[in-house]
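Biologist: I have a model open and would like to learn how to read it. Could you take me through the features one at a time?

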Amino acid sequence: MSELRLAEQDLGVLVDEWIDWATAASLLGVTVGKVRTMIRDHELAAAVPPGMKGQHIPALFIQDGLPVKGLSGLLHVLHDGRYDDREIIAWLFLDDNLPGRPIDALRENRGSEVKRRAQAMAL
């Protein structure tokens, strides 16, 4: 999947539910400042969804009061491969024949194949 294709994806169609930083902070039990730090440090990813103002986080990135297991490592790998948050979010929410979307595989603790594909993309 090329970077251009990811950059062209409509995040409004791919991601059903977005949360603002304050909601993310509440779900994680941290401050909004900590959420900002988590985005900067690639523990979470954020983008500006169509029709919204400011960056938001896909709601599926938080599970049981924590970032989804394996998300941070995946974000680091893809950022090292020069993908930005918007492209990474698009990739995570596209059906990648895993079966299903990479975000679903991560949430279901089936992240090994997702990580392998991310490493291949980042090369």
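Biologist: Let me start with burial: what percentage of the 123 residues of the chain count as buried?

Modeller: A residue counts as buried when its relative accessible area is under 20%. In this predicted model, 43% of the 123 residues fall into that group. As for the surface, the chain exposes about 6500 Å², and carbon and sulfur atoms supply 49% of that area.

Biologist: How does the radius of gyration of the chain agree with that of a compact globule?

Modeller: The idea is to set the value against what the chain length would give. A compact globule with 123 residues would have a radius of gyration near 14 Å, and the chain has 13 Å, which agrees. For a sense of the dimensions, the C-alpha trace spans about 35 × 30 × 25 Å along its principal axes. Contacts tell you about the fold too: among those with a separation of 6 or more, 62% are between residues 24 or more positions apart.

Biologist: Which elements does the chain run through from the N terminus on?

Modeller: The order is α-α-β-α-α-β-β-β-α-α-α-α, made up of 8 helices and 4 strands.

Biologist: And how do the annotated domains look in those terms?

Modeller: Here we place the record beside the computed elements. An unreviewed UniProt entry annotates residues 17-61 as "DNA-binding protein Rv2175c wHTH". Over that stretch the chain is 38% helix and 9% strand, with the end C-alpha atoms 10 Å apart. The unreviewed entry also annotates residues 68-122 as "Rv2175c C-terminal". There the chain is 67% helix and 0% strand, and the end C-alpha atoms lie 21 Å apart.

Biologist: Let's zoom in on one helix. Which residues are buried in helix 3?

Modeller: Helix 3 covers residues 21-28, and its buried residues are W21, A24, A25 and L28. They sit on the same side of the helix because they cover an arc of only 100 degrees around the axis.

Terms used:
Residues are numbered from 1 along each chain as its sequence is written. This is a predicted model: local features need pLDDT of at least 70, side-chain atom pairs count only at pLDDT 80 or more; totals for chains, interfaces and linings use all residues. Side-chain values use heavy atoms; hydrogens and water are left out. UniProt positions are given in the numbering used here, feature names are shortened, and annotations may be inferred rather than shown by experiment. Helices (H or I, at least four residues) and strands (E, at least two) are DSSP runs, numbered from the N terminus. Buried means under 20% relative accessible area, exposed over 50%, partly exposed in between (1.4 Å probe, protein chains only). The arc is that of the directions from the helix axis to the C-beta atoms. The radius of gyration is taken over C-alpha atoms; the globule rule is 2.2 Å times the number of residues to the power 0.38. Contact means heavy atoms within 4.5 Å. Accessible areas come from the Shrake-Rupley method with a 1.4 Å probe; for residues, only the protein chains shown count as cover.
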